Amino acid sequence: SSRLCARAAWPRFCLSSSVSKGCAPQRLGLPMAAMAFDSASTAYMLVCTALVQLMTPGLAFFYAGLVSDMSVLTMMMQSFVSMGVASIVWYIVGFSLCFGESGGIMGSPATYVAMRNVNVNESLPFSDGIPGLLFVAYQGMFAVITPALMTGAFADRFRFKPYLLFIVLWLIAVYAPWCHWIWGGGFLAEWGVWDFAGGIVVHVTAGFSALASLVIVGRRSDAQDLPHNVPYVALGTALLWFGWFGFNGGSALATGSTAVAAAVNSEIAGSVALFLWLIIDWIRNGRPGLVGLCVGAIAGLATVTPCAGFIQPWAAFILGIVACVVCYACCELRKMLKFDDALDVWGVHGMGGFFGSVLLGVLADPTDCAGDSPPMYCVNPGTVTRSGEQLGKQVVATCFCAAYSFVVTVVLLKAMDLVIPINPAGGAHLDLEEHGEAAYNHTPVKGYVPDPEAIAPKGNGVAESTI
């Protein structure tokens with residue numbers, strides 16, 4: 001066990017199996033302060049933390065471009081405000097719930113409450129080689145973006161005040177348990193479930209919670225799938241893809257071969273899904289579309305996330321194909337069933353993360369990589385290997401996560417709606433109603449309006465045209 005913990009290339013093994021494998025420094029008889037930091041890994045993780053932070057503004061642009069020009073600011077606000085609310089929750093109690101001493105359902109709130117027992121000069125049991133506070137900051141970026149992912153599903157149907165409350169409740173009731181169970185040494189980690197960078201913890205929880213939200217918020221009265229600003233979509237995709245190198249590559253928690261594999265596999269899967277989605281759109285619509293290309297890239301990146309640091313490049317190529325076919329089919333199924341998942345959060349993130357998590361049991365390295373003398377080709381030796389048993393564990397955990405996320409989110413939103421109304425009043429210009437601001441005063445379609453009140457909804461709830 002001590003030899004495994006000393007390998008910087010295998011930090012996720014120590015992260016997800018610290019209790020059972022004895023990877024914590026205390027179990028090795030080493031005080032935290034005696035563990036020297038790896039300066040290269042520390043610098044690398046600082047950069048990765050910034051990259052993952054950048055993903056949330058990228059998500060804001062991606063979603064804002066896909067909605068109408070009268071709810072642009074609402075979509076961006078829902079992403080940006082998560083950077084504040086989720087971070088506050090994370091540093092006060094969220095990190096402790098995820099990575100504190102296990103209390104069964106989640107970690108003990110007292111272990112690291114308000115950053116107690118965390119500082120820059122000592123490692124934590126899950127982060128040998130880098131400062132404990134850096135590990136807290138990096139993991140906090142995941143907590144920030146995960147609730148923001150859901151906003152694309154209930155676009156135009158969620159008031160800002162209840163959304164703030166929803167972030168707090170959802171992080172505690174859904175995100176924290178799953179983060180603890182898989183990454184914090186919980187029972188699923190003990191059982192042998194693996195998730196390299198958040199296929200289950202991030203994408204399945206957010207995707208199926210997004211689907212559940214539709215039960216409460218209902219359908220839009222004028223549901224449209226037409227983006228108002230395609231360059232925003234492209235910009236958001238670029239920022240997300242750039243940040244994903246920190247999201248997946250940084251989940252190795254150190255420099256080394258595993259980080260390289262995770263980054264390259266992410267690039268391969270995203271590229272393959274991007275191109276195949278473009279081809280499908282081209283065949284079906286007669287023209288290649290930029291929006292479809294961007295959505296395809298996100299689907300590929302989401303699908304490879306749980307596998308990125310555990311698979312060979314050829315497997316990433318396969319996952320890119322799977323991501324395109326499965327996510328495209330789910331998006332079309334959603335339309336057929338008339339689910340008003342406005343920006344296909346369930347089809348892209350939920351189902352992409354679902355299939356990626358399941359296929360880890362099939363596409364991981366063979367059992368030769370689990371031995372004491374693994375072959376040189378192994379991506380992450382001593383961790384997960386492909387087998388029928390592993391496939392079964394991944395299927396059970398992923399299905400459990402999907403069901404748990406759906407049910408708990410429905411309960412949360414139903415209870416909230418009894419206390420504070422979730423749906424907006426129904427006016428056409430959501431940005432003005434919720435925030436008193438408009439994204440555009442004039443566009444090629446709308447005439448210039450010097451006073452935003454001139455386009456505010458009138459008594460009938462419909463904004464007056466200025467043309």
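Guide: The place to begin is the pair Cys369 and Cys378, which form a disulfide with their sulfur atoms 2.0 Å apart. The model is a predicted one, and every value given here is computed from it. In general terms, a disulfide is a covalent bond between the sulfur atoms of two cysteines. The torsion about the S-S bond of Cys369 and Cys378 is about -85 degrees, so this disulfide is left-handed. A search of the whole structure finds 1 disulfide.

Another cysteine pair deserves a look for contrast. The closest cysteine sulfur to that of Cys98 belongs to Cys179, at 3.6 Å, which is too far for a bond because a disulfide needs sulfur atoms within 2.5 Å. Cys98 has 1% relative accessibility and therefore counts as buried. Cys307, with 0% relative accessibility, is buried too.

In soluble globular proteins, nonpolar side chains tend to be buried together. The largest nonpolar core in this model has 130 residues. Phe62, Phe95, Phe99, Phe166, Tyr175, Phe247 and Ile311 are the residues with the most contacts inside that core. Helix 6, residues 160-183, gives the core its largest share, 14 residues.

At least two lining residues come from each of helix 3, helix 5, helix 8 (199-217) and helix 9 (230-249). Helix 9 supplies the largest share, 3 residues. By class, the lining of this cavity has 9 nonpolar and 2 polar residues, with no charged ones.

The largest pocket, an open space, has a volume of about 650 Å³. It is lined by 29 residues, and those nearest its centre are Asp225, Val291, Val295, Lys335 and Asp344. Two or more lining residues come from each of helix 3 (39-66), helix 10 (257-285), helix 11 (290-304), helix 12 (313-336) and helix 13 (345-363). The pocket lining divides into 16 nonpolar, 5 polar and 8 charged residues.

Helix 10 also holds Ser271. With a relative accessible area of 28%, Ser271 is partly exposed. Ser271 and Ile321 are 50 residues apart along the chain, while their C-alpha atoms are separated by 9.9 Å.

A last stop is a loop residue. Thr111 sits in the loop between helix 4 (72-99) and helix 5 (132-149). Its relative accessible area is 11%, so Thr111 is buried, the limit being under 20%. Apart from neighbours within four places in sequence, the contacts of Thr111 are Ser96, Gly100, Glu101, Arg116 and Asn117.

Key: Residues are numbered from 1 along each chain as its sequence is written. This is a predicted model: local features need pLDDT of at least 70, side-chain atom pairs count only at pLDDT 80 or more; totals for chains, interfaces and linings use all residues. Side-chain values use heavy atoms; hydrogens and water are left out. Buried means under 20% relative accessible area, exposed over 50%, partly exposed in between (1.4 Å probe, protein chains only). A nonpolar core is a set of buried Ala, Val, Leu, Ile, Met, Phe, Trp, Tyr and Cys residues joined through side-chain atoms within 4.5 Å. Helices (H or I, at least four residues) and strands (E, at least two) are DSSP runs, numbered from the N terminus. Contact means heavy atoms within 4.5 Å. On a 1 Å grid over the protein atoms alone, a cavity is a set of points where a 1.4 Å probe fits but cannot get out, and a pocket is an open set with protein on both sides within 12 Å along at least five of seven lines; lining residues have an atom within 4 Å of a point. Grid points are joined across faces, edges and corners, and a volume is the space filled by probe spheres set on the points. Ala, Val, Leu, Ile, Met, Phe, Trp, Tyr, Cys and Pro count as nonpolar, Asp, Glu, Lys and Arg as charged, and the others, Gly among them, as polar.
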